[in-house]
Amino acid sequence: MNMLPRLKPRTFYDLVIEVAIVRPGPIQGDMVHPYLRRRNGQEKVSYPSPSPEHGDKDELYKVLHKTMGVPLFQEQAMRIAIEAAHFTSEEANGLRRSMATFRNVGTIGKYEDKLIGNMVARGYDPEFARSCFDQIKGFGSYGFPESHAASFAQLVYISSWLKHYHPDAFCCALLNSQPMGFYAPAQIVGDARKNGVEVREIDVSYSFAQNTLEDTDGKYCAVRLGFRQIDGFHWLDEDEEKLKRLQLSFRGARSANPESIAPHTPGGMDSGLAPDGAPPLRTCAMWNDNVEKAGDKAEKPQDWADRIVAARNRRPFTSLEDFARDTGLPKRALILLADADAFRSLGLDRREALWQVRRLPDDVPLPLFEAAIAREQPDEHAKPLPVMPRQEQVVADYQTIRLSLKGHPMEFLREMFTRERVIACKDVCHENERRRVRCAGVVLVRQRPGSASGVVFMTLEDETGIANVVVWPKIMERYRKEVMGARLVLVEGYIQSSPEKVTHLIAQRMIDRSHDLANDALSRKHPVPDGLALVEPLNDDRRDHLDAPAQKLRHPRDVRILPPSRDFH
């Protein structure tokens, strides 16, 4: 994300370079900034060369001309060893082997003096020779050959094309592929909505197990959230189940006749031939037999989503009682659906649906002769339930489906933070460079790359957008607990921005404000006092906390309002 505005890719090969340049090889070899300066016209493009008496001055031009004289790929580092250091093919192959294993074996050191010494002896700049060797060491940690970078770049281009022209399908596919990558479902949905995609809530009358696309009158299809978004809801992934069946069948066939499926043998599964000219073994038939046996023995998991779809194909749902009767779902499934606010099409909001579900019998179906005529519970002439405030709806959404279409938790804390002169994430921008600020947000991602010398990068989010925070090692040591554990953090520091408008908030002080996620702005319960640990009744014995206030004893779901951040160390 930070490299994109600096590099400004215009061609496909620019994407290849962008993929390769952020790997430890170019970083440790100090090749990144020279390339960027040359690309932006801030530094003249030149090519290292030996002394005139030691060879052609353009011997590295054909190796480095595609990357403006700066080595970025594994192949370039190897060619430099051959062309500039005059390695033999055997020595170059040994360097390649040690480059892949130096972290474990430590054999790359024996090539250091030869590579640097030969290059310097032939007239190359000692600093350039040293950086080339450092880059080779970096590739041993993790680096890309050009072919791998090109394959990765093709995925980057295709993904960008899909996101630009089909953001609806892109969003739906990413949601169905979770968990993956840096971004959680809430951020994927938020980005799609900013790009004009309508996202519709989970509903028993319209949703399927997976997230799906629905027709609209607009430019894009609408994304209908699926039952898979509900934490704890039982649904089956056809691809995963097929893989499990194949694994079971393989184990079954192997135990039945190990010789018939020995891999990579003349009579094994690869060829289907028996040894010594014997008739072919019936591996396919045995495989099919074992598939059936494995399927019979395996306990088939419940698919609540399939029951819902099958029932509504027979007839539309008209009430929650009809839904419960037609689907035959257990009480737990009904509670999860009600808690996820999935009965809106039946005229029930979250609170009303939960109330009605609680009145249903506990997984005891009515007798057959009563099912057609009897209602499971008599009508009650009770007063309407109070309307659930929007902030409670948002919190409940995050607790059940990890995202909300009704708002963001931070918007309900904005008034409090404004009084404290805490700015929104969108104000961490180029226009406010060098300004000292206080900014608060939910922690989305924490990164501590091995090549960053202990620097931690954090991404914060509020209702206005995201802010990127840089935590230097000294600040990390002082505020380690806040950096690693806070779900909502307040950062004090100054804004730093580059000419390309790549903006960061440089942290100088970190304050854990996670307790604010449980205050009155987001809940009608009593606020949790500052500085006291939350007690979760499923994990803690109340007798061990006799001095703790009673309001601290909370249901675990009320404690974990937001899903965890995605951390990469």
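Among contacts in the protein chain between residues at least 6 apart in sequence, what percentage join residues at least 24 apart? The share is 60%, where a contact means heavy atoms within 4.5 Å.

A word on the model before the tour. The structure is a predicted model, in which local features need pLDDT of at least 70 and side-chain atom pairs count only at pLDDT 80 or more, while totals for chains, interfaces and linings use all residues. Residues are numbered from 1 along each chain as its sequence is written, and side-chain values use heavy atoms, with hydrogens and water left out.

## The chain as a whole

The protein chain has 24 helices and nine strands. Helices (H or I, at least four residues) and strands (E, at least two) are DSSP runs, numbered from the N terminus. Of its 569 residues, 44% count as buried. Buried means under 20% relative accessible area, exposed over 50%, and partly exposed in between (1.4 Å probe, protein chains only). The chain exposes about 31,000 Å², with carbon and sulfur atoms supplying 53% of that area. Accessible areas come from the Shrake-Rupley method with a 1.4 Å probe, and for residues only the protein chains shown count as cover.

## Helix H11 and its surroundings

Let's start with helix H11, residues 167-176, whose buried residues are Pro 167, Asp 168, Cys 171, Cys 172, Leu 174 and Leu 175. These residues fall within an arc of 165° when seen down the axis of H11, so they line one face of the helix. That arc is taken from the directions from the helix axis to the C-beta atoms. What do the buried residues of H11 pack against? Their partners are helix H10 (146-165), helix H12 (185-194), strand S2 (212-214) and strand S3 (222-224).

A nonpolar patch of about 600 Å² is made by Phe 12, Tyr 157, Ile 158, Trp 161, Leu 162 and Tyr 165, and H10 gives the most to it, with five residues. Patches are made of residues with over 30% relative accessible area and no salt bridge; like charges are joined within 9 Å, and nonpolar side chains (Val, Leu, Ile, Met, Phe, Trp, Tyr) within 5 Å.

## Two sets of strands

Strands S2 and S3 belong to an open sheet of three strands, in the order S1-S3-S2 with mixed pairing. Its edge strands are S1 (199-200) and S2, each pairing on one side only. Two strands pair if DSSP finds at least two bridges between them. S1 and S3 run parallel and are joined by two bridges; Val 199 has Val 223 in S3 as its bridge partner.

Further along is strand S7 (residues 488-497), which is mostly covered: nine of its 10 residues are buried. Strand S4 (residues 436-447) runs antiparallel to S7, and seven bridges join them. Here Val 442 has Leu 488 in S7 as its bridge partner. S7 and S8 form a hairpin with five residues between them, and Lys 501 in the turn has a positive phi of about 65°.

## Salt bridges

How many salt bridges does a search of the whole structure find? The search finds 30, a salt bridge being a side-chain nitrogen of Lys or Arg within 4 Å of a carboxyl oxygen of Asp or Glu.

| Pair | N to O distance |
|---|---|
| Arg 79 and Glu 83 | 2.4 Å |
| Glu 214 and Arg 224 | 2.9 Å |
| Arg 351 and Glu 392 | 3.5 Å |

Arg 351 lies in helix H18 (residues 350-359) and Glu 392 in helix H20 (residues 390-401), so this pair ties together parts that are 41 residues apart in sequence. Arg 351 is partly exposed at 21% relative accessible area, whereas Glu 392 is buried at 13%.

Arg 79 and Glu 83 both lie in helix H6 (residues 74-83), four residues apart, about one turn of the helix. Arg 79 is partly exposed, with a relative accessible area of 36%, while Glu 83 counts as buried at 17%.

Glu 214 and Arg 224 are both buried. Finally, a network of salt bridges links Asp 341, Arg 344, Arg 350, Asp 397 and Lys 406.
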